[in-house]
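Q: I have the model open and would like to go through how the pieces pack together. Can you take me through it, starting with a pair of helices?

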Amino acid sequence: MDLLHQPEPHDPGDVRPAARPKPGVAGSPATEAVAADPEISRMTTADLLAGIERLRRERGAVILAHNYQIPEIQDLADHVGDSLELSQRAAEADVERIVFCGVRFMAETAAILAPESKVLLPDPLAGCSLAASVTPEEVRAWRAEHPGAVVVAYINTDAAVKAEVDYCCTSANALEIVRSIPEDTEILFLPDMFLGLYIERQLGRRIHLWLGECHVHAGFRPEDVAARLAETPDADLLLHPECGCVSACMYALAQGDLPADRTFVLGTGGMVRHVRQTPSARVHIVGTEVGMLHRLRKEAPGHEFRALKDDAVCEYMKTITLPKLYRSLRDDVYEVSVPTDIAERARTAIDRMLAVTAPRA
Ligand code: SF4
């Protein structure tokens, strides 16, 4: 199998983000507060689950959980899904509180789409290395270099960045969104370069890329794919388009070095739909954050799922725990809100995305 390394970025319009430290979760006030909390420190897992159940009813709260959350949180959530599905659930919500078990940019999106609800994030340091790779000032400067260009932002961006762009997209709808933009229009895509390269390859369209990356998905290498396929040559290969190995795998696919009928590039929602629709039990190699395996095992219990990389763990997603969720409901922390002017402009970009994307089952 010939799995080439990813191509080097390719276009003078591409921009490499300024080097800046990855946000950390160490020393989170939520971690320290639950450790010092006399009630929580005495609670067993069963106590926490019962307490969360009671509080969610008393507080009129809906709990949304991303597919990368720990199993215990996925199991108790009202809705588990990808960014797009959770955005849609937030937009439909008519509740006092939304507790978002995910990361900050997702909670911000919920706050924009459900302005009547109080949105809580159980740990204020649940950030995202990809979202942190671009600032609103950088978007404005990039746009100024390309007057007339349409700016498309992956949903993994801060609200203040969304406020500067024309369209949002998720991994589930990125191809649809870019396809909806006239062919003769210049496109700036940010912040994930691997998703951007994938869109270019799929649509055969030149796009200027922000060369940001998620540190978890960028860690997937072609050699990881080769090693897993050597162990299970008949497995389906499910790859998230943020993965650092996607370009190489697309090249290998085009060369016939990966099986066309068993290689799939899918967002996490697409992975769920794929396994639901796979009629007979199979082995699936899953190329995304390891939290996804719990979701897929529940969706398709007769199938076998193996992580493409066992250490593909997002510390921001995993900083949300049962004690922090309990405290979030009990103490109404940590509220996530977006200033009105930013929310209005960001909402325009999100609404354009939702208008292009039909709700999925
Ligand atoms: S897995 Fe990557 S993109 Fe997703 S929240 Fe974590 S750092 Fe961000």
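Q: At what angle do α9 and α11 pack?
A: Helix α9 (residues 193-203) and helix α11 (residues 246-254) pack at about 25°, and their axes are 9 Å apart. That makes α9 roughly parallel to α11. Angles under 35 degrees count as roughly parallel, over 145 as roughly antiparallel, 65 to 115 as roughly perpendicular and the rest as oblique. Axes are lines fitted to C-alpha atoms, for helices over the stretch in contact, and angles run from 0 to 180 degrees between N-to-C directions. Helices (H or I, at least four residues) and strands (E, at least two) are DSSP runs, numbered from the N terminus.

Q: What should I keep in mind about the model itself and the numbering?
A: This is a predicted model, in which local features need pLDDT of at least 70 and side-chain atom pairs count only at pLDDT 80 or more, while totals for chains, interfaces and linings use all residues. Residues are numbered from 1 along each chain as its sequence is written.

Q: Back to that pair, which residues of α9 and α11 meet?
A: From α9 they are Phe194, Leu197, Tyr198 and Arg201, and from α11 they are Val246, Ser247 and Met250; two residues are in contact if their C-beta atoms, placed from the backbone, lie within 7 Å. The contact of α9 with α11 divides into five nonpolar, one polar and one charged residue. Here Ala, Val, Leu, Ile, Met, Phe, Trp, Tyr, Cys and Pro count as nonpolar, Asp, Glu, Lys and Arg as charged, and the others, Gly among them, as polar.

Q: And how do the axes of α2 and α15 cross?
A: The axes of helix α2 (residues 45-58) and helix α15 (residues 322-331) come within 9 Å and cross at roughly 30°, and α2 and α15 are therefore roughly parallel to each other. The crossing of α2 and α15 is left-handed, meaning that the near helix is turned anticlockwise from the far one by less than a right angle, whereas clockwise would be right-handed. On the α2 side the contact includes Leu48, Ile52 and Leu55, and on the α15 side it includes Leu322, Leu325 and Leu329. By class, the contact of α2 with α15 has eight nonpolar, two polar and two charged residues.

Q: How does α1 pack with α15?
A: Helix α1 (residues 29-36) and α15 pack at an angle of about 90°, with their axes 10 Å apart. That makes α1 roughly perpendicular to α15. Ala30, Ala33 and Val34 in α1 meet Pro323, Lys324 and Arg327 in α15, and this contact of α1 with α15 has four nonpolar, no polar and two charged residues.

Q: New topic, what joins Val333 and Tyr334?
A: A cis peptide bond, with omega about -10°. Tyr334 is in the loop between α15 and α16 (340-356), and Asp332 lies in the loop between α15 and α16 too. Phi of Asp332 is near 60°, a positive value in a residue other than glycine. A cis peptide bond also joins Leu190 and Pro191, where omega is about -10°, and Pro191 lies in the loop between β7 (187-190) and α9.

Q: Which residues surround the ligand?
A: Among them are Val103, Cys128, Asn156, Cys214, His217, Glu289, Cys314 and Tyr316, where near means that a residue's C-beta atom, placed from the backbone, lies within 6 Å of the molecule or strand. The shell around the ligand has eight nonpolar, three polar and one charged residues.
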